[in-house]
Amino acid sequence: MYSQGLDNPPPERMVPAAAVAGGPGERFQLRVDAEEKIEPKDWMPDGYRQTLIRQISQHAHSEIVGMLPEGNWITRAPSLLRKCILIAKVQDEGGHGAYLYSAAETLGVSREELVDQLLSGKAKYSSIFNYPTPTWADVGAIGWLVDGAAIMNQIPLCRCSYGPYARAMVRVCREESFHQRQGYEIMLKLSQGTAAQREMAQAALNRWWWPSLMMFGPSDNDSKHSTQSMRWKIKRFSNDELRQKFVDFTIPQADYLGLKVPDPELRWDAGADCYRFGPIDWTEFDEVLKGHGPCNRERLDARRKAHAEGAWVREAALAYAAKSRPATAGRAA
């Protein structure tokens, strides 16, 4: 998947020879502007490489840590069908992390290094996964809102200028689309159920609405990386643009469910053809990023425990690979 077209971009996207005068940085930007995919063996600015490593690794970490809030509901899901669906979803998230770690490795960083950064607390992951899931409705809200916000973020990444990342995102987005529909279906069932179930759904929406808006990152005025990432076409839309799209897409869904978004300032602006929403509490966002969220310590402790308990699997796999290598070499000779 990640080795396709390492050396040869499609002919229709190649920059004309007459246009490649100047240094490697200028030629690189011309290729990006021409919508040509950058591949692992191509020259790239160090800043481009480091930006991708940071973004892809944080994305991978988020998929892996994101298994935890819903994973504890697998044994408590209300039916066998719900258990099977949730198992499949959590398994998908683990697969997304694996794809993304592989994509990051094409940039010259090892998976072991990336995992060590996560376990040490040096690396960041999405702040959304540091919130608890006290009821079954939270599983629905995560699918509907969190995965819905993820899709808004990730569909443009299918056109990212870096080939391995763009190709990985095609499958990730297809599966995230299923996750979003699964979450919305849970919320629909609850909103059509008993008074207690409707209250449960509303409470989950109240908990997850604002953290979901924070998922898009700080406002454009405060974002350190957005301008350069958009110039390199790693990103295609700004944080605020994506956040607005998410709000406009989600409010009609909440109305259909008969649920009320917890924002007293929310209103439809007919002139701008969009919803206006209230200010986001960025203090909460900053505190969660600093490690002071409701479940920061719990999430990292769970990952460290799983990593330690899985050491024997990694050791066995390495031993098997070492044992098999001479036989493989002999057959090749």
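**Exercise 1. Describe the second pocket by residue class and position.**

By class, 8 nonpolar, 3 polar and 5 charged residues make up the lining of the second largest pocket, where Ala, Val, Leu, Ile, Met, Phe, Trp, Tyr, Cys and Pro count as nonpolar, Asp, Glu, Lys and Arg as charged, and the others, Gly among them, as polar. The model is a predicted one, in which local features need pLDDT of at least 70 and side-chain atom pairs count only at pLDDT 80 or more, while totals for chains, interfaces and linings use all residues. Residues are numbered from 1 along each chain as its sequence is written, and side-chain values use heavy atoms, with hydrogens and water left out.

Next, take the space itself: the second largest pocket has a volume of about 420 Å³. A pocket is an open set of points on a 1 Å grid over the protein atoms alone, where a 1.4 Å probe fits, with protein on both sides within 12 Å along at least five of seven lines, and its lining residues have an atom within 4 Å of a point; the volume is the space filled by probe spheres set on the points, which are joined across faces, edges and corners.

Finally, locate the lining: of its 16 residues, Arg111, Val115, Arg303, His307 and Arg314 are the closest to the centre of the second largest pocket. Helix H5 (111-120) gives the largest share, 6 residues, helices being DSSP runs of H or I with at least four residues, numbered from the N terminus.

**Exercise 2. Characterise the aromatic pair of Phe28 and Tyr48.**

The search of the whole structure finds 11 aromatic pairs, a pair being rings of Phe, Tyr or Trp (its six-membered ring) with centres within 6.5 Å, counted as stacked if the planes are under 30 degrees apart, edge-to-face if over 60 and tilted otherwise. For Phe28 and Tyr48 the centres are 4.8 Å apart and the planes stand at 70°, so the pair is edge-to-face. Because Phe28 lies in helix H1 (residues 24-33) and Tyr48 in helix H2, the pair ties together parts that are 20 residues apart in sequence. Both Phe28 and Tyr48 are buried, that is, under 20% relative accessible area with a 1.4 Å probe and protein chains only.

**Exercise 3. Find which charged residue sits over the ring of Trp73.**

Apply the criterion that NZ of Lys or CZ of Arg must be within 6 Å of the ring centre and within 35 degrees of the ring normal. The charged end of Arg76 sits over the ring of Trp73, 3.9 Å from its centre.

Definitions and conventions. Helices (H or I, at least four residues) and strands (E, at least two) are DSSP runs, numbered from the N terminus. Buried means under 20% relative accessible area, exposed over 50%, partly exposed in between (1.4 Å probe, protein chains only).
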